[in-house]
Amino acid sequence: MAFKPIELVEDMGTPGIVAGVGAIFLAPLLIPAVAKIGKPIAKTIIKGGIVAYEKSKGAFAEAGEVFGDIIAEAKSELALDEQKVLETNSHPEAPNT
């Protein structure tokens, strides 16, 4: 299918054409105005993201430490359990008489 400008114009109709031409003429005026308004908003959003990142970085570090402590405690308990099993196997209880 080839691009047919006539079909595009027919599909858009008069309101679409007027809006398109108006946008072309108003764009040089609107873009700087939107940029002036948008820049402070964008900076505020970026600042908020940086603050959230810094706070979450500390929280994740603390969570990592807690998780590491839990792993160390679990390994210690496993080692104690293994030691008890070895002691029980190497020193059987005296038979009941």
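Entry 1, the fold. I find one helix and zero strands in the protein; helices (H or I, at least four residues) and strands (E, at least two) are DSSP runs, numbered from the N terminus. I am working on a predicted model, where local features need pLDDT of at least 70, side-chain atom pairs count only at pLDDT 80 or more, and totals for chains, interfaces and linings use all residues. Residues are numbered from 1 along each chain as its sequence is written, and side-chain values use heavy atoms, with hydrogens and water left out.

I get an accessible surface of about 9000 Å² for the protein, 70% of it belonging to carbon and sulfur atoms (Shrake-Rupley method, 1.4 Å probe; for residues, only the protein chains shown count as cover). Of the 97 residues, 0% count as buried (buried is under 20% relative accessible area, exposed over 50%, partly exposed in between).

My search of the whole structure turns up one, defined as a side-chain nitrogen of Lys or Arg within 4 Å of a carboxyl oxygen of Asp or Glu. Lys57 pairs with Glu54, with 3.5 Å between the closest N and O atoms. Why are the two about one helical turn apart? Because Lys57 and Glu54 are three residues apart in helix H1. Lys57 is partly exposed at 43% relative accessibility, and Glu54 is partly exposed at 41%.

Leu26, Leu29, Leu30 and Val34 make a nonpolar surface patch of about 410 Å², and Leu30 sits in helix H1 (residues 5–90).

Notes. Patches are made of residues with over 30% relative accessible area and no salt bridge: like charges are joined within 9 Å, nonpolar side chains (Val, Leu, Ile, Met, Phe, Trp, Tyr) within 5 Å. Buried means under 20% relative accessible area, exposed over 50%, partly exposed in between (1.4 Å probe, protein chains only).
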